[in-house]
Amino acid sequence: MIDPNVKAQLTSYRQSIDNIDAALVHMLAERFRCTKEVGVLKAKYNLPPADPAREEYQIERLRQLAKAANLDPDFAEKFLNFVIKEVIRHHEQIAADHAEQNAAAR
């Protein structure tokens, strides 16, 4: 049988985790909304979907933030690399859609 105090602590931690997960989803949605707009601008002005200098800056910044928060910087980098790959994939799709629309308009 689980001690009622332990059960209450578990419930409290789990509620916090659920709230954090919800906040993460909303933050990621906002991030992808912004990066979608970046992709639209890149497509409109024929800029490349990837920006290696920007990505390098983001990774280094995230590693520093992770260290300051006592989070494994390697984990943080892996997570950001996943996000960056998704952003690039979306930017490539936006560029392809934009090119297709321009071709159809001609």
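Me: Which helices each supply at least two residues of the lining of the largest pocket?

Reply: Rolling a probe the size of a water molecule over the atoms shows where empty space is left. In this predicted model, three helices each give at least two residues to the lining of the largest pocket: α1 (4-44), α2 (52-68) and α3 (73-105).

Me: Which element gives the largest share of that lining?

Reply: Helix α2 does, with six residues of the lining of the largest pocket.

Me: What is the volume of the largest pocket, and which residues are closest to its centre?

Reply: The volume is about 440 Å³. The lining has 14 residues, and Leu28, Arg31, Leu62, Phe79 and Leu80 are the closest to the centre.

Me: How many residues of that lining are nonpolar, polar and charged?

Reply: Ten are nonpolar, one is polar and three are charged.

Me: How much space lies in the second largest pocket, and which residues lie nearest its centre?

Reply: The second largest pocket holds about 240 Å³ of space. Its lining has 14 residues, and those nearest the centre are Thr35, Arg54, Gln58, Val87 and His91. Helices α1, α2 and α3 each give two or more residues to this lining.

Me: How do the residues lining the second largest pocket divide by class?

Reply: Six of them are nonpolar, three are polar and five are charged.

Me: Which residues does UniProt list for the domain, and how much of that stretch is helix or strand?

Reply: An unreviewed UniProt entry lists residues 4-95 as "domain: Chorismate mutase". Over residues 4-95 the chain is 88% helix and 0% strand.

Me: Now the charged side chains. How many salt bridges does the structure hold?

Reply: Side chains of opposite charge can pair when their charged atoms come close. The structure holds four salt bridges. One of them joins the side chains of Arg33 and Glu30, at 2.7 Å from N to O.

Me: Where do Arg33 and Glu30 sit in relation to each other along the helix?

Reply: Both belong to helix α1, and because they are three residues apart, about one helical turn separates them.

Me: Are Arg33 and Glu30 buried or partly exposed?

Reply: Arg33 has a relative accessibility of 45%, so it counts as partly exposed. Glu30, with a relative accessible area of 38%, is partly exposed.

Me: Which residue meets Asp74 in a salt bridge?

Reply: That residue is Arg63, and the N to O distance is 3.0 Å. This pair links distant parts of the chain, since Arg63 is in helix α2 and Asp74 is in helix α3, eleven residues apart.

Me: Which residue meets Glu77 in a salt bridge?

Reply: The side chain of Glu77 meets that of Arg63, at 2.6 Å from N to O. Here too distant parts of the chain are linked: Glu77 lies in helix α3 and Arg63 in helix α2, 14 residues apart.

Me: What do these pairs form when they are read together?

Reply: Arg63, Asp74 and Glu77 are linked in a network of salt bridges.

Conventions: Residues are numbered from 1 along each chain as its sequence is written. This is a predicted model: local features need pLDDT of at least 70, side-chain atom pairs count only at pLDDT 80 or more; totals for chains, interfaces and linings use all residues. Side-chain values use heavy atoms; hydrogens and water are left out. On a 1 Å grid over the protein atoms alone, a cavity is a set of points where a 1.4 Å probe fits but cannot get out, and a pocket is an open set with protein on both sides within 12 Å along at least five of seven lines; lining residues have an atom within 4 Å of a point. Grid points are joined across faces, edges and corners, and a volume is the space filled by probe spheres set on the points. Helices (H or I, at least four residues) and strands (E, at least two) are DSSP runs, numbered from the N terminus. Ala, Val, Leu, Ile, Met, Phe, Trp, Tyr, Cys and Pro count as nonpolar, Asp, Glu, Lys and Arg as charged, and the others, Gly among them, as polar. UniProt positions are given in the numbering used here, feature names are shortened, and annotations may be inferred rather than shown by experiment. Buried means under 20% relative accessible area, exposed over 50%, partly exposed in between (1.4 Å probe, protein chains only).
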